[in-house]
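Hi,

Here is the structure I said I would pass on. Have a look at it first, then read on for what turned up.

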Amino acid sequence: MAISNEQLRFAFLSPEMRCYFGKKFPAVPAGELDIRIEEALKFLNIADHCSGSIPVTTEIDDIWHFWILETREYMKLCSRLQGREYIHHVSNAYAQCLASSEPLVQNTIAQDIGVLATYVLNYGPFEEDRVKYWLLATHLTEQCGMTVRDLNEWLISR
C-alpha cells in the first residue's frame with residue numbers, strides 16, 4: 001500500500017519545521033512548499049537506493065539543505081527514515097576538492113530508473129505537479145514525449 005502525502009507529513013514533518021520552511025521560503029506559495037517538502041521527504045526516504053548524483057532538482061535539494069541546518073531535527077528525521085542512518089550530504093564542488101577524491105560517480109540509467117520505480121512502489125504513481133522535481137522523470141516527459149500516465153505505467157511494470 002502506497003504512503004500518502006498526508007501520512008508522510010504526519011510521520012516526518014513537525015509543525016515547527018513546517019513553520020521554519022515557511023520562513024525560509026516566503027516567496028513560495030504554501031501549497032507548493034508542501035509539495036516540495038513532501039518530495040524531499042520521499043527522496044530522503046529512498047536515498048539508500050541512490051549511490052551517485054541526486055535524482056532531484058535544486059528546489060528539493062534546497063529543502064534538504066535547510067533541513068540539515070537544523071541539526072537536531074535533521075538527526076531525528078534521519079533516525080526515522082527507511083535506512084535509519086544519518087544521510088550525509090556532499091556537494092560536487094567539495095568532492096572535487098578532496099585530495100583523495102576519485103572521479104564523481106554518475107548514476108547509471110538503470111539506477112535512476114530504479115529510484116523512480118521505488119518511488120512509485122512506495123508512494124504511488126507520480127502526480128502531474130510532482131514529476132518536475134525528479135530529473136529523469138522530467139526528461140522522460142519533456143524530452144522523450146512520455147505522458148505522466150505512460151511514465152507511471154512503465155515504472156509499475158518494472
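Let me start with Pro29, which sits in the loop that links H2 and H3. Pro29 counts as exposed because its relative accessibility is 55%. If you want a sense of scale, take Pro29 and His88: they are 59 residues apart in sequence, and their C-alpha atoms lie 29 Å from each other.

Before you go further, keep in mind that this is a predicted model. The mean pLDDT for the protein is 90, and 94% of the residues reach at least 70. Looking element by element, helix H2 (residues 15-24) comes out highest with a mean of 98, while helix H6 (residues 92-97) is lowest at 74.

Next, two residues of helix H3. Glu38 belongs to this helix, which spans residues 30-45. Is Glu38 buried or exposed? With a relative accessibility of 2%, which is under the 20% cut-off, Glu38 counts as buried. Setting aside neighbours within four places in sequence, the residues in contact with Glu38 are Asn5, Leu8, Arg9 and Arg130.

Leu44 is also found in helix H3, and at 3% relative accessibility Leu44 counts as buried too. Which residues does Leu44 touch, not counting those up to four places away in sequence? They are Trp64, Leu77, Leu81 and Ile87. Another pair to check is Leu44 and Cys78: 34 residues separate them in sequence, yet the C-alpha to C-alpha distance is 8.2 Å.

Then there is helix H9, residues 148-156, whose buried residues are Val148, Leu151, Asn152 and Leu155. These lie on the same side of H9, because the arc they cover around the axis is only 95°. What do the buried residues of H9 pack against? Their partners are helix H7 (109-123) and helix H8 (135-142).

Last, the surface. Val90, Tyr94 and Leu98 make a nonpolar patch of about 290 Å². Of these, Val90 is in the loop between helix H5 (71-80) and H6. Remember when you look at this part that H6 is the element with the lowest mean pLDDT.

That's what I have for now.

Cheers

Terms used. Residues are numbered from 1 along each chain as its sequence is written. This is a predicted model: local features need pLDDT of at least 70, side-chain atom pairs count only at pLDDT 80 or more; totals for chains, interfaces and linings use all residues. Side-chain values use heavy atoms; hydrogens and water are left out. Buried means under 20% relative accessible area, exposed over 50%, partly exposed in between (1.4 Å probe, protein chains only). Helices (H or I, at least four residues) and strands (E, at least two) are DSSP runs, numbered from the N terminus. The arc is that of the directions from the helix axis to the C-beta atoms. Contact means heavy atoms within 4.5 Å. pLDDT is the predictor's confidence in each residue, from 0 to 100. Patches are made of residues with over 30% relative accessible area and no salt bridge: like charges are joined within 9 Å, nonpolar side chains (Val, Leu, Ile, Met, Phe, Trp, Tyr) within 5 Å. Accessible areas come from the Shrake-Rupley method with a 1.4 Å probe; for residues, only the protein chains shown count as cover. A salt bridge is a side-chain nitrogen of Lys or Arg within 4 Å of a carboxyl oxygen of Asp or Glu.
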